[in-house]
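Here is a quick tour of a protein model, written for someone who likes to keep the coordinates open while reading. Have a look at the fold, then come back for the details.

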Amino acid sequence: MTKYLSKMARLVKVEHSIFALPFAYMGFVLAGQGFAGWRAFLGLTVAMVAIRSFAMAVNRLVDVKFDRQNPRTQMRELVTGEVTACEVWIFLGVCAFVFVAACAALNTLCLALSPIVLVWAGFYSYTKRFTWMCHFFLGSVLGLAPVAGYLAVTPQFTMGPVLMGLGVLFWVAGFDLLYACQDADFDRGLGLCSCPARYGVGGALLLSSASHVNASLFFALAGWSAGLGGIYYVAWAVVSAVLYWEHRLLSEDDMSRVNLAFFTLNGIIAMLLFVGVALDVMWR
């Protein structure tokens with residue numbers, strides 16, 4: 001069992017939960033105006049890890065035929081045979097069950113919304129087959145995180161987490177556009193509809209920059225709507241500067257630092273915003 005879980009963790013890159021969990025915790029902190037209790041915290045954490053793992057496993061399963069042909073992805077576990085399709089299907093079922101159970105443990109609204117979230121999280125993996133907007137579909141999945149964190153504590157919708165979710169949508173779309181530039185020629189050759197394949201690396205970089213400007217604006221509006229103060233806006237300013245630096249690292253002629261821009265800087269961004277929200281709420 002330990003070996004199986006270890007393989008699945010590598011398959012879905014569970015460590016990348018750092019991109020979504022801090023935003024879920026922002027919603028959690030905003031709803032409770034601080035720490036809202038262990039029950040909601042643990043339920044939210046389990047639900048977030050389960051749904052992200054579900055979405056990633058779907059992506060690996062439906063894209064395996066492309067991963068076999070792409071030199072960048074030929075060491076993925078489904079391609080090498082370290083993990084079988086049957087094992088992934090079982091994992092998907094477990095993740096779906098755990099997600100719904102965690103939502104049920106939170107409140108009735110979370111339970112009612114859980115099937116919709118499962119469908120949407122799985123649907124993203126098919127969008128690259130028919131639209132260059134696939135990067136924004138991915139962003140919309142992670143953009144649910146702050147709303148989910150808020151609903152886990154207070155089962156009603158409010159503007160602050162929704163605006164934060166829109167910020168996450170454009171933030172994720174922006175860095176996914178950067179990452180997709182690595183596969184522009186490959187995607188174009190197979191007829192896949194990524195933005196770099198359709199509009200070239202230069203077009204994708206421009207759209208990524210515009211997306212991150214939108215992300216910064218929505219993060220600012222979210223802080224205003226939630227009544228956050230100076231501490232949050234210091235974090236927001238630093239995050240905006242990091243986003244600017246991220247784009248200075250890359251150019252159409254030099255994508256060699258894409259992993260630094262994609263993994264390291266965006267992990268920092270998520271944590272900075274969470275710390276900004278948490279400290280601002282605690283300071284009141």
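**Confidence**

Bear in mind that this is a predicted model. Its mean pLDDT is 91, and 96% of the residues reach 70 or more. Which elements sit at the two ends of the confidence range? Helix α1 (residues 2–12) has the lowest mean pLDDT among the elements, at 73, while helix α9 (residues 144–153) has the highest, at 97. As a rule of reading, where pLDDT is low, the predicted coordinates should not be taken in detail.

**Aromatic pairs**

How many aromatic pairs turn up in a search of the whole structure? The search comes back with 19. One of them is W120 with F137, a tilted pair whose centres are 5.6 Å apart and whose planes make an angle of 35 degrees. W120 sits in helix α7 (residues 108–127) and F137 in helix α8 (residues 134–142), so this pair ties together parts that are 17 residues apart in sequence.

**A nonpolar patch on the surface**

Now for the outside. I18, I231, M271, V275, L279, M282 and W283 make up a nonpolar surface patch, with about 700 Å² of accessible area together. Which helix gives the largest share of the patch? That would be helix α14 (residues 258–283), which supplies 5 residues. M271 is a patch member that lies in helix α14, and M271 is partly exposed, with a relative accessible area of 35%.

**Two residues up close**

L113 lies in helix α7, the helix that also holds W120. L113 is partly exposed, at 26% relative accessible area. Setting aside neighbours within four places in sequence, L113 is in contact with L151 and F157. L113 and V100 are 13 residues apart along the chain, and their C-alpha atoms are separated by 9.3 Å.

M48 belongs to helix α3 (residues 38–62). Its relative accessible area is 12%, so M48 falls in the buried class. What does M48 touch, not counting residues up to four places away in sequence? The answer is A20, L21, A24 and A145. L221, on the other hand, is 173 residues from M48 in sequence and 24 Å away in space, C-alpha to C-alpha.

**Accessibility side by side**

Here are the relative accessible areas quoted above, with their classes.

| Residue | Relative accessible area | Class |
|---|---|---|
| M271 | 35% | partly exposed |
| L113 | 26% | partly exposed |
| M48 | 12% | buried |

Key. Residues numbered from 1 in each chain as written. Predicted model: local features only at pLDDT ≥ 70, side-chain atom pairs only at ≥ 80, totals over all residues. Heavy atoms only, no water. pLDDT = per-residue confidence, 0-100. Helix = DSSP H or I, 4+ residues; strand = E, 2+ residues; numbered from the N terminus. Phe/Tyr/Trp six-rings, centres within 6.5 Å; stacked < 30°, edge-to-face > 60°. Patch = residues over 30% accessible without salt bridge, like charges linked within 9 Å, V, L, I, M, F, W, Y side chains within 5 Å. Areas by Shrake-Rupley, 256 points an atom, 1.4 Å probe, with all protein chains shown as cover. Salt bridge = Lys/Arg side-chain N within 4 Å of Asp/Glu carboxyl O. Buried < 20%, exposed > 50% of the residue type's maximum accessible area, 1.4 Å probe, protein only. Contact = heavy atoms within 4.5 Å.
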